[in-house]
Amino acid sequence: MSNVDGVFSKVLQTSVSRWWSLRTTSLKSKMSLSQSIKLYNADGNHKLFHSSDGDLIKTDTYIKAEVLSGKWILYRTADYNKSLQDGARPYEHMVLPADIKVVDISDVNGSLFHVPSAEQALMLFEFNYYGGGNREYTEEQGDLKDFPKGARSAMVGKDNDWQVYPKAGEQGTPQKLTRGTDYATTDEMKMPAVNSIKPY
């Protein structure tokens, strides 16, 4: 190979690499922007959100929401009702699926969570009514170390059922969580807390 050919080959490789990097970044950006919600204040002004916000009050006091795409949860207090823990009541949060348009959120304008859209995943939450910490899982977990006291609510992706257990190591009487279903409380999951999981 001549020096000219070698230089041309390196230039071509660099160009392809840069193109792929830009394309990947663009795709990631589009995927992020594809999930969005508008929140309106009392003056009718709105702010567009593409991701979760643990403290909405820092930005404004919102009274209405309009879902453009994706699934969202609104909470009465900051940090996804973490301070309420098991004392949270049903009306202190609101789940907004993609088909919801404009809705009053005056009582649940403390924080905003965007529910990931992985179709095979299991989304677990620290407290009843989707409060506190949360994490998305796509594989078997013998010990949910992210939840020292177990998970107490769940959202199941539309492609997979999941088997959940009250004890680590897949011990105790299991329960099946059905694909595409939300479980707001331990009563709905029929166990005191979830401590290990596996795809059904």
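## D182 and its partner

In this predicted model, D182 comes out as partly exposed, at 28% relative accessibility. Its salt-bridge partner is K71, and the closest N and O atoms of the two sit 2.9 Å apart. D182 belongs to strand 13 and K71 to strand 4 (residues 71-75), so the contact ties together parts that are 111 residues apart in sequence. K71 is partly exposed too, with a relative accessible area of 24%.

At the strand 9 end, strand 8 (residues 122-125) pairs with strand 9 in the antiparallel sense over 4 bridges.

## Other salt bridges

A search of the whole structure turns up 8 salt bridges. One of them joins R135 to D146, with the closest N and O atoms 2.5 Å apart. R135 lies in strand 9 while D146 is in the loop between strand 9 and strand 10, so this pair links parts that are 11 residues apart in sequence. Both ends are partly exposed: R135 has a relative accessible area of 39%, and D146 comes in at 43%.

Then there's E92 with R89, whose closest N and O atoms are 3.0 Å apart. Here E92 is buried, at 0% relative accessibility, whereas R89 is partly exposed at 39%. R76 joins in as well: R76, R89 and E92 are linked in a network of salt bridges.

## The largest pocket

K71 turns up again here. The largest pocket has 21 lining residues, and K71, V115, P116, S117 and G157 are the ones nearest its centre. Strand 8 and strand 10 (153-156) are the elements that give two or more residues to this lining. The volume is about 350 Å³.

Both domains take part, with at least three lining residues from each of domain 1 (33-115) and domain 2 (119-199). By residue type, the lining splits into 10 nonpolar, 6 polar and 5 charged.

## The second largest pocket

The second largest pocket holds about 150 Å³ of space. It is lined by 10 residues, with E126, F127, K149, G150 and R152 nearest its centre. That lining divides into 3 nonpolar, 2 polar and 5 charged residues.

Conventions
Residues are numbered from 1 along each chain as its sequence is written. This is a predicted model: local features need pLDDT of at least 70, side-chain atom pairs count only at pLDDT 80 or more; totals for chains, interfaces and linings use all residues. Side-chain values use heavy atoms; hydrogens and water are left out. Two strands pair if DSSP finds at least two bridges between them. On a 1 Å grid over the protein atoms alone, a cavity is a set of points where a 1.4 Å probe fits but cannot get out, and a pocket is an open set with protein on both sides within 12 Å along at least five of seven lines; lining residues have an atom within 4 Å of a point. Grid points are joined across faces, edges and corners, and a volume is the space filled by probe spheres set on the points. Ala, Val, Leu, Ile, Met, Phe, Trp, Tyr, Cys and Pro count as nonpolar, Asp, Glu, Lys and Arg as charged, and the others, Gly among them, as polar. Domain bounds come from an automatic or database domain assignment. A salt bridge is a side-chain nitrogen of Lys or Arg within 4 Å of a carboxyl oxygen of Asp or Glu. Buried means under 20% relative accessible area, exposed over 50%, partly exposed in between (1.4 Å probe, protein chains only).
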